[in-house]
Amino acid sequence: MRKKLLIAATIMSILLLVVGFYSLFAEARYRSTLYYGSTGEDVRVVQQKLRNWGYYDGPIDGYYGGKTFQAVRLFQQKNGLKVDGIVGRQTWQALGEPVKPVSYQGRARATGQNTYLLAQLISAEARGEPFEGMVAVGAVILNRVESAAFPNTLAGVIYQPLAFEPVMNGTIYNPPVPEAIRAANLALSGWDPTYGCLYFWNPATARNPWVWRRTIVRRIGNHVFAK
Amino acid sequence: MRNKLWIVLAGLVVVGSLFGGYQQYTQRQRLENLLNSRYQQAFLNLLEHVEQNQVLLAKILLTSSPKQRTALLSDVWYEANAAQENLNQLPISQPILGHTAKFLTQVGDYSYSLLRQFDLGKPLTDKQLDQITSLHNQMLALTKKLQAIRSLVTDGKVSWVEIKEHGKDKLPKGEIPPGEKTFRDIDQEIMQDQPVLIYDGPFSDHLEMVQPKGLAEKNVSPDEAKSILYDFLDISPEDKNWKMRTNTQSNPGGKIPAYSLKLQATNGKAEIIADVSKKGGHIVWMAINRPFGKPKLKPETAREKAVAFMKKKGFFRVKTSFMKINQYTVTVVLVPLQDDVVLYPDQVKVEVALDNGQVVGYEALGFLMAHHKRDLPEPKVTRDEARKLVNEKFKVQAVNLAVIPLRSGKEVLAWELRGAYGGDTFFIYINALNGNEEQIFQIITNDNGQLAL
């Protein structure tokens, strides 16, 4: 019998503890930012406080209307806050309400769009070329990103004015062929058949005379690759 | 009567097409102006950042206050990068702009390296002051050249779009458009005799002269290279399914001179491409190009296959550093260990197909450039000391020693601390000799695995 009582008492005290903790956490709810048109309990709190201090003489109705707005502005002005009629962190603090401390927000993500953009240009520049030639075109573009003489981002290199014909004539926006996607992945993982080349061109169609002054490293399909 | 109707109709057509044409014309004009304004903005921004830069460099030479010098160098770093970004937006082809772009990048990178040097308590040397003087002089010459065409472009006499598109029709034969001419002059008069700039930064000129450390001594013949590749791929030279083809035209003159070889499947459905180094006969990289079937393997199984593959090639102690999941394959980055120290510079990449687990890609350029038996020093900072050196909010989960490459290409022995901060995973590297925090990586997940940033 005593044992039973003891057990019941233990259960009761555990329950009490749980309820106590729960209410503790419930207390720890922070106030939300309020502005013209907001409604709810938080608005009531503001209205009540402002009325107690003589800034507000309207009803405590939980609706953030014109009168509340005027009162908040007056309060902000008197307390040296930014006068914007918005009850944010600073204003809540001045009203004596707890505000949520600034904390680090985790779980960052990356888009991983680079592969597709690179594949689009490879596909447009080197369609019909041997697979190795596609990887090589991707590698040249990535070598440019790493080079001091070119823009420092992938988009900067690809969209540099006059750099790539497919960007000028719009063929870069065609969906890339599957080999180009694999080639882009390889190039991004570091495969570089050109050993650091920065230029490539088709000798049959290139008109620009300066290209021949470059040191040609190798030839793949219809393209030559040079430093 | 009928004639009149035709005349009216023809008149309507003429008026309509005139109207349409005019609409097209104004629309085109607006687009052209819009484009022109972007180029104009880039040019004027460039000029402003270059002018600022010249002034800042002069101030650095004049000041006697170390604090002031730090502030000025940070400004140079910003102004130089901003100038480079605007320069690269001009509609002038890169070969003409290249030297100027490199100059601006190096000025920024150089001042950043000097800031890091100050941080370690080392002041500027006389040689570095000379270096800054010559950079200042070049920046001044560049400023003058840009100022000279400023009035030309701001009063609209020269339009950037015209320079780009119809320069040839509007100018007398053989003459170069003024914008392009200015940049050609800059390239030839100012930038050609750019001094070689060597310092502790990623764009320093010395990094282009790095020689491979991981090649064996012996030179191999083309035939030996072929049998090395057959061995590597586990294909018999007599196998009738594959035909070896050497690309005779190829003459790789890169960092590692190599034979480039190609194996073609006789059924035409696959090809294998690879480079075998002339010195040492190493596989520099290899890729199998074939159609892929639906992924059947789990990435983890693929990773085990990659590790097993490396074991077969004689790498018994490797650690998986990183995995990238592609559409049909997984790329596994493996790093060797030397006495439990992870050698990050010596990484090898193995790509495994997810349909049948075949190794379809291999890349060892980094490994061949960096790998050598290192004389690793004894750490002067202990494991526990390293743990205490990191931010107390960082929850350390694992600690090990590693050799890591710095931005400048140098290597340091460091404690690698893996841990969590606010739900994110980070790696922090503490120099094992002097306790400096050398590097922090945040591991960011996306749909294709994880990225270290």
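**Notebook: helices and domains in chains A and B**

I began with a pair of helices in chain A and found that α5(A) passes α9(A) in a right-handed crossing. A crossing is right-handed if the near helix is turned clockwise from the far one by less than a right angle, and left-handed if anticlockwise. Helices here are DSSP runs of H or I with at least four residues, strands are runs of E with at least two, and both are numbered from the N terminus.

Before going on, I noted that this is a predicted model, where local features need pLDDT of at least 70 and side-chain atom pairs count only at pLDDT 80 or more, while totals for chains, interfaces and linings use all residues. Residues are numbered from 1 along each chain as its sequence is written, with chains lettered from A and ligands numbered from 1 in the order in which they are written.

**The α9(A) packing**

How do α5(A) and α9(A) cross, and at what angle? The axes of α5(A) (residues 114–126) and α9(A) (residues 178–188) come within 8 Å and cross at roughly 120 degrees. I took axes as lines fitted to C-alpha atoms, for helices over the stretch in contact, with angles from 0 to 180 degrees between N-to-C directions. The two helices are therefore oblique to each other; under 35 degrees is roughly parallel, over 145 roughly antiparallel, 65 to 115 roughly perpendicular, and the rest oblique. Among the residues making the contact are L118(A) and I122(A) of α5(A) and A180(A) and A184(A) of α9(A). Contact means C-beta atoms, placed from the backbone, within 7 Å.

Next I looked at α6(A) (residues 131–146), whose axis comes within 8 Å of that of α9(A), crossing at roughly 45 degrees. That makes α6(A) oblique to α9(A). The contact includes F131(A) and M134(A) of α6(A), and A183(A) and L186(A) of α9(A).

**Chain A overall**

I counted 9 helices and 3 strands in chain A. Chain A has domain 1 (29–100) and domain 2 (114–226), with bounds from an automatic or database domain assignment. Their C-alpha centres lie 59 Å apart.

**Over to chain B**

Why do I expect 90 Å for α1 of chain B? This helix has 61 residues (2–62), so at 1.5 Å a residue it should span 90 Å, and its end C-alpha atoms agree at 90 Å apart. The expected span is 1.5 Å times one less than the number of residues. Buried residues of α1(B) include Y39(B), F43(B) and I60(B).

Definitions and conventions
A residue is buried if 20 or more other C-beta atoms lie within 10 Å of its own, exposed if 12 or fewer, and partly exposed in between; C-beta atoms are placed from the backbone. Two residues are in contact if their C-beta atoms, placed from the backbone, lie within 7 Å.
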